[in-house]
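Colleague: Before I plan anything around this model, could we go through what can be read from it?

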Amino acid sequence: MDQRFGLDRSITLAGDFPLAGGGVLPELTIAYETYGTLAADAGNAILICHALTLDQYVASAHPRTGKPGWWTRLVGPGKPVDPARHFIICANVLGGCMGSSGPTSIDPRDGQPFAMRFPVITISDMVAAQARLLDHLGIARLAAVIGGSMGGMQALTWAVNHADRVERVVAIATAARHSAQNIAFHEVGRQAIMADPKWRGGAYAADAPPADGLAVARMAAHITYLSEAGLTEKFGRRLQNRDSVSFGFDADFQVESYLRHQGLSFVERFDANSYLYITRAMDYFDLAEPFGGNLARAFAATRSRFCLVSFTSDWLYPTAESRRIVKALNAAGAPVSFVELESPFGHDAFLLDAPEMNRVVHGFLAA
Amino acid sequence: MTPTPLRSDLAAVAAAVPDGARVLDIGCGDGGLLAWLRDTKGVEGRGIELDAGKVAAAVGRGLAVVQGDADTDLADYPDAAFDVVILSNTLQAMQRPADVLAQLVRIGRRAVVSFPNFGHWRVRLGLLLGGRMPVTRSLPVSWHETPNIHFCTIADFEALTAEMGLTVERAAGLAAGVEQSLWPNLLADTGVFLLRR
């Protein structure tokens, strides 16, 4: 059994890992999982890229929450991405808090956690780290890279930065840049964390994190993952375990109680500094920026085939952002498929039951 | 796997596509024509389709299809990006058919356009005798429900191509799928044109 493959793997690659922002990591650790068997020609490898607060546990139970993998609707036996056919890799992003190098990691130079001494990272850096992992696994070329939301940003970046290493790109509910509104919401979250006295400039102890600030950040962000119609349908103005409002500041409304619960459960599994670094990486993301703002030029060298999916009620990364990417790919002459699917569930739709999305991804991967 | 035979009007369109061509099918539906062209002629096909369900079906059969609107999205494609651009049975649903035609011959070296012939005798007779907008085999939906907003006859279409200075390489009228060389504007239910700039 090759120790590089399987569940709950981790690799530390010695030597400097230079970053787009000018910083350097003295070493690079990547926590990852693989599913399925790598073909003799290594031609069946599919990389799954995760979103902001997700992790490498795409198709196996989360070690802290015990919940099933976060994308078992798409990845698993009998699904479009199937370990019976594909060799599936999912790695915790650079900057993450589930085992890959991030602010919670120990700086080998002084034995202390990096905290805010961790260099600022970008989506390109996350992808460069994944490329180093693929080198380690002996995979020269991916049959596909698939991601939703921030995972989609990584998938698109793969096609631009490593044009010869990706055959197919599936980018779901995503954008080629962060909009002013995207940045604005992230800034609210970061300020909530940094305003928590327990944050202490990032130098908090592991057992005394700025949980209140991180919970508020999550609550604000969670609203952006849903839709107005979805919230109305799920909660309306219904009250939580009471017949009338309390004329106080308890969680009178079900929607308040729900958000508080989302915030509290999030702090159990996520690190506040990681949240700062990863949201910053997303805010800095603009695929066209190094190409004079011309997205078509960013894709000029790509040899990948592309599949983009958006959802009608997603206002975080709305369909117009996907169309902008499609337009650029068409101008670059790259083969692209795109569909906007009907869903009332907002941005989160890509993680929920979406039979048409599965059909599209299955057909795209099979061709 | 033997490809399913094509509908007769599509067969006439397909006949104009050379082997191995780069093809864009506008209003490609669930990708039936593109899949046939790929499987039997080895074309490199792309499609545009308005309906999300049909796009999903087409991508599900391994085709590169973009959900979009020909009235607005063709401008995004570079000049001469395709050997052949196909607009089958879709022209009459366009907001600005002449603009779409101009885009077709810009992004394709050749364009194949098929459309229901509003000059067909059944249409003329229906209007003449019944006094009602015609509902026929090739125009099956009532006037208030049809997506078809710009009807034309084969003669009208010829006049438009002349007005736009387009070269008609081939023009045919089909009656129930069979080429109708006698009085096509009266006897053909479908017009098929091969155009270039």
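Loops, helices and the contact between chains

Modeller: In this predicted model, A:Ala173 lies in the loop of chain A that runs between strand 6 (168–172) and helix 3 (180–195).

Colleague: Is A:Ala173 buried or exposed?

Modeller: A residue is called buried when 20 or more other C-beta atoms lie within 10 Å of its own. A:Ala173 has 32 other C-beta atoms within 10 Å, and although A:Ala173 is not a glycine, its phi is positive, at about 45°. By that cut-off, A:Ala173 is therefore buried.

Colleague: Where in chain A is A:Phe247, and is A:Phe247 buried or exposed?

Modeller: A:Phe247 sits in the loop between helix 5 (228–234) and helix 6 of chain A, and its phi is positive, near 50°, in a residue other than glycine.

Colleague: How are helix 4 and helix 6 of chain A oriented where they pack?

Modeller: Helix 4 (residues 211–225) and helix 6 (residues 254–267) of chain A pack with their axes 8 Å apart, at an angle of about 125°. The crossing of helix 4 and helix 6 of chain A is right-handed. The angle makes helix 4 of chain A, relative to helix 6 of chain A, oblique.

Colleague: Which residues of helix 6 of chain A meet helix 4 of chain A, and into what kinds do the residues of this contact divide?

Modeller: From helix 4 of chain A the contact takes A:Ala211, A:Leu214, A:Ala215, A:Val216, A:Arg218, A:Met219 and A:His222, and these meet A:Leu259, A:Gln262, A:Gly263, A:Leu264, A:Phe266 and A:Val267 in helix 6 of chain A. Sorted by kind, the residues of this contact are nine nonpolar, three polar and one charged.

Colleague: Which element gives the largest share of the side of chain B that touches chain A?

Modeller: The contact between the chains takes 23 residues from chain A and 16 residues from chain B. On the side of chain B, helix 3 (52–60) and strand 3 (64–67) are the elements that give two or more residues, and the residues of that side divide into ten nonpolar, three polar and three charged. The largest share of the side of chain B, five residues, comes from helix 3 of chain B.

Colleague: What is the radius of gyration of chain B, and what percentage of its residues is buried?

Modeller: Chain B has eight helices and eight strands. Its radius of gyration is 16 Å, close to the 16 Å given by the globule rule for 197 residues, so chain B is as compact as a globular protein of that length. Along its principal axes the C-alpha trace of chain B spans about 50 × 35 × 30 Å, and of the contacts in chain B with a separation of 6 or more, 63% join residues 24 or more positions apart. Of the 197 residues in chain B, the buried ones make up 45%.

Notes:
Residues numbered from 1 in each chain as written. Chains lettered and ligands numbered in written order. Predicted model: local features only at pLDDT ≥ 70, side-chain atom pairs only at ≥ 80, totals over all residues. Axes fitted to C-alpha atoms, helices over the stretch in contact; angles between N-to-C directions. Helix = DSSP H or I, 4+ residues; strand = E, 2+ residues; numbered from the N terminus. Parallel < 35°, antiparallel > 145°, perpendicular 65-115°, else oblique. Left-handed = near helix turned anticlockwise from the far one by under 90°. Contact = placed C-beta atoms within 7 Å. Nonpolar A, V, L, I, M, F, W, Y, C, P; charged D, E, K, R; others polar. Rg over C-alpha atoms; globule rule 2.2 N^0.38 Å. Buried ≥ 20, exposed ≤ 12 C-beta atoms within 10 Å, placed from the backbone.
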